[in-house]
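User: I am new to this structure and would like to learn how its features are read. Please take me through them one at a time.

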Amino acid sequence: MRTSELEQEISLDNSVIKKPIKKHSVLFQKQNIFYLLLFLFILGMMYGSVLLKEDNTSLLKNLASIQDVYIRDKLNQSVFLTICNSFVSSGLFFAITFLCGFSAIGQPFTLLVPFVKGLGIGSSIGYLYLNYGIAGIGYSALLMIPSAIISIFSLVLSARESIRLSNTLASLFLKGSIQISKAAFRLYLLKHFILLIFILISALLEGLLTFLFAGLFQIQ
């Protein structure tokens, strides 16, 4: 009897130990994915801003010309149109990460999203600095970066959840199952709905900042 009781106590102790270890492991994995996605965004941003001056590839030239048109139009268009354009621009990347989560092989595509987003923002900042100097830095600091922080944070979190769902689907597929729990599906939708609200807040902030400070910059 004493041996049986001792085995039960050891079993209970092991289960108690395993639970926090599992929780810490899941948290560690979440943080790793988040930091990886953030690193990819920063890498894309650095490539877009620092190498814009030295790299003569057609990709960066096209990005620069697109940014030129966007920046000029932004200073002359209505606040409502600015908000709509900002929401659609960020929402497109957001939609890609959201949809990739429903694929068991969507991870590589999801990883590309923050890099491409960083490339676009980096090329914008680099273009403004190279062509307008201090005025370009001020434009970036007031009209781009504050709202971009919110949208980027939302996009990275969306990409993290997308990769986690893709990994879950891949694991189920390898086990011969293609069913995912309704609770997990609802949680995925709920998280993205909340993140989409932050994307909208980012667009509203960009519209507000443009309304307040666009007159300070003479970018022609």
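Analyst: One definition comes at the start: a crossing of two helices is left-handed if the near helix is turned anticlockwise from the far one by less than a right angle, and right-handed if clockwise. In this predicted model, α3 passes α5 in a left-handed crossing.

User: Which residues make the contact of α3 with α5?

Analyst: On the side of α3 they are S90, F93, F94, T97, F98 and C100, and α5 contributes S151, L155, S158, A159, S162 and S166. By class, the contact of α3 with α5 has six nonpolar, six polar and no charged residues.

User: How is the packing of two helices described in general?

Analyst: Two packed helices are described by the angle between their axes and by the distance between those axes. For α3 and helix α5 (residues 134-174), the axes cross at roughly 15° and come within 7 Å. Angles under 35 degrees count as roughly parallel, and α3 and α5 are therefore roughly parallel to each other.

User: At what angle do helix α3 and helix α4 pack, and how far apart are their axes?

Analyst: Helix α3 (residues 79-100) packs with helix α4 (residues 107-132) at an angle of about 165°, and their axes are 9 Å apart. Because angles over 145 degrees count as roughly antiparallel, α3 is roughly antiparallel to α4. The crossing of α3 and α4 is left-handed. In this contact α3 supplies S89, S90, F93, I96, T97 and C100, while α4 supplies F109, T110, V113, V116 and K117. These residues divide into six nonpolar, four polar and one charged.

User: Is the crossing of α3 and α6 left-handed or right-handed?

Analyst: α3 passes α6 in a right-handed crossing. The two helices pack at an angle of about 150°, with their axes 8 Å apart, and that makes α3 roughly antiparallel to α6. The contact of α3 with α6 divides by class into 14 nonpolar, eight polar and one charged residues.

User: How many helices and how many strands are in the chain?

Analyst: The chain has six helices and zero strands. Read along the sequence, its pattern is α-α-α-α-α-α. Among contacts with a separation of 6 or more, residues 24 or more positions apart account for 85%.

User: What part of the chain counts as buried?

Analyst: Of the 220 residues of the chain, 37% count as buried.

User: Is G118 buried or exposed?

Analyst: G118 is buried, because its relative accessible area is 0%. The residue lies in helix α4. Apart from neighbours within four places in sequence, G118 is in contact with F41, G44 and M45. G118 and Y47 are 71 residues apart in sequence, yet their C-alpha atoms are 8.4 Å apart in space.

User: Which residues are in contact with F198, leaving aside its neighbours within four places in sequence?

Analyst: They are I150 and S154. F198 lies in helix α6 and is partly exposed, with a relative accessible area of 39%. From F198 to F153, 45 residues apart along the chain, the C-alpha separation is 9.1 Å.

User: Where is P108 placed?

Analyst: P108 is in helix α4. This residue counts as partly exposed, at 49% relative accessibility. P108 and I163 are 55 residues apart in sequence, and 8.9 Å separates them in space, C-alpha to C-alpha.

User: In which helix is A141 found?

Analyst: A141 is found in helix α5. A141 has a relative accessible area of 41%, so the residue is partly exposed. The C-alpha atoms of A141 and I125 are separated by 9.2 Å, and the two residues are 16 residues apart along the chain.

User: Where in the chain is confidence lowest, and where is it highest?

Analyst: Confidence is lowest in helix α1 (residues 2-50), at a mean of 62, and highest in helix α6 (residues 182-213), at 94. Over residues 6-28 the pLDDT is below 50, and this stretch has one contact in the model beyond near neighbours in sequence. The mean pLDDT of the chain is 80, with 76% of its residues reaching 70 or more.

Conventions. Residues are numbered from 1 along each chain as its sequence is written. This is a predicted model: local features need pLDDT of at least 70, side-chain atom pairs count only at pLDDT 80 or more; totals for chains, interfaces and linings use all residues. Side-chain values use heavy atoms; hydrogens and water are left out. pLDDT is the predictor's confidence in each residue, from 0 to 100. Helices (H or I, at least four residues) and strands (E, at least two) are DSSP runs, numbered from the N terminus. Contact means heavy atoms within 4.5 Å. Axes are lines fitted to C-alpha atoms, for helices over the stretch in contact, and angles run from 0 to 180 degrees between N-to-C directions. Angles under 35 degrees count as roughly parallel, over 145 as roughly antiparallel, 65 to 115 as roughly perpendicular and the rest as oblique. Ala, Val, Leu, Ile, Met, Phe, Trp, Tyr, Cys and Pro count as nonpolar, Asp, Glu, Lys and Arg as charged, and the others, Gly among them, as polar. Buried means under 20% relative accessible area, exposed over 50%, partly exposed in between (1.4 Å probe, protein chains only).
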